[in-house]
Amino acid sequence: MTDQSIYEILKTIDSLSSLSADMLTKLAESVQLLNLESGEILIRQGEKGDAMYFLASGTLDIRVGHGDTEKSVATVMPGAPVGETQLLVGGVRTASVYAAESCLLVRLTSQMLRKWEREHDVLHDLLLNVIRERQRRNELSGVLVKYLGQADTATVDWVNTNANWVELSRGEVLFEQGASCTSWYVLIEGLLEVCVTNEDGVETTVGRVEKGGSFGEAALLSDEKRTATIRASRDSELIELTRETFDLIREMHPEFMMSITRMLVVLVLELIWLHFDELRSPAKFARLFDLRLGPDILYRALLVVWSFDIGHEF
């Protein structure tokens, strides 16, 4: 097949769309085409990687394990790269890759990739971005299990497209106490501190958010102001869902709202038992729940307390 034909194939690959026509022409001179029939293996888990691939057509099945323990964990669709991580950061293949149907792939050897890195750092940067995006998508998929169950590929892709990724340096503030609530957040990596400033202007750290933790749902649902300042204790990465995206997920996936409700109920119950003595003082109780959840959620919390019939009057 001619370089021009390979060039036309490269133009159809989404992950290469940021390369200029001149760069694609040069890349076409450095790669080979590979055809696989259904069931053929492309990459074997545990082997050292000597090439990476771009899937032009067909689908690939990603499997982990060996023999009877081997299981399918993901599907690669046309336009995606395969096997790039080991070429860039080293190590052995972490999964096996099989052709789920007849496939056409573009093969770039490690030798040619090194040559490109020396002459054209744009491809190296592009592949690093691809790895980064894939890691983010995998992290997002893991987070969604908590709220949506085992989300399908289309749902993960939709959320990944509509979510904003937020990076915070140590000491950087995400939002201030008293700010309007416009988004819901989930912490993917890092550590956050929750700080409250009293009427005298004294700031106190009252809690922290660890990896996998979410926040902002109560204020978002009750349309209240932020009741605390969120600051990064160390470099952190979060996903942000705006109010519009949050509401769309609620409509499309009722189980999402059920998960959020369960989290709020658990938070209410934890606060009740941790501060049970404060229930004797309506003012302290109101202050406690207003701080963490907002007035509208406070009302719901009171209903929970009444259901326990603890005998206090409010």
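D61 is buried in this predicted model, with a relative accessible area of 13%; here, buried stands for a relative accessible area under 20%, exposed for over 50%, and partly exposed for what lies in between (1.4 Å probe, protein chains only). The side chain of D61 meets that of R63 in a salt bridge, with N and O at 2.7 Å. A salt bridge is defined as a side-chain nitrogen of Lys or Arg within 4 Å of a carboxyl oxygen of Asp or Glu. R63 is partly exposed, at 25% relative accessible area.

Because the model is predicted, local features need pLDDT of at least 70 and side-chain atom pairs count only at pLDDT 80 or more, while totals for chains, interfaces and linings use all residues. Residues are numbered from 1 along each chain as its sequence is written, and side-chain values use heavy atoms, with hydrogens and water left out.

Across the whole structure, the search finds 9 salt bridges. Among them is one between R44 and E47, whose closest N and O atoms are 3.7 Å apart. R44 is partly exposed, with a relative accessible area of 43%, and E47 is also partly exposed, at 41%. A further salt bridge joins the side chains of D22 and K26 at 3.5 Å, N to O. D22 and K26 lie 4 residues apart in helix 2 (residues 21–28), so about one helical turn separates them. Helices (H or I, at least four residues) and strands (E, at least two) are DSSP runs, numbered from the N terminus. In general, an α-helix has 3.6 residues a turn, so residues three or four places apart point the same way. D22 is partly exposed at 46% relative accessibility, and K26 is partly exposed at 32%.

Helix 2 also has a buried set, made up of M23, L24, L27 and A28. These residues cover an arc of only 140 degrees around the axis and therefore sit on the same side of helix 2; the arc is that of the directions from the helix axis to the C-beta atoms.

Turning to the strands, an open sheet of 4 strands runs in the order 1-8-3-6 with antiparallel pairing. Its edge strands are strand 1 (32–36) and strand 6 (81–82), each of which pairs on one side only. Two strands pair if DSSP finds at least two bridges between them. Strand 1 and strand 8 (residues 103–109) pair in the antiparallel sense over 5 bridges, and L33 stands opposite V106 in strand 8.

A last stop is T229, found in strand 14 (residues 229–242). T229 is buried, at 1% relative accessibility. Its side chain reaches the backbone nitrogen of Q177 at 2.9 Å. Leaving aside neighbours within four places in sequence, T229 is in contact (heavy atoms within 4.5 Å) with V173, F175, E176, Q177, E193, V194 and C195.

Methods: A polar contact is a pair of N or O atoms within 3.5 Å; within protein, one must be able to donate a hydrogen and the other to accept it, and residues adjacent in sequence count only if both atoms are side-chain atoms.
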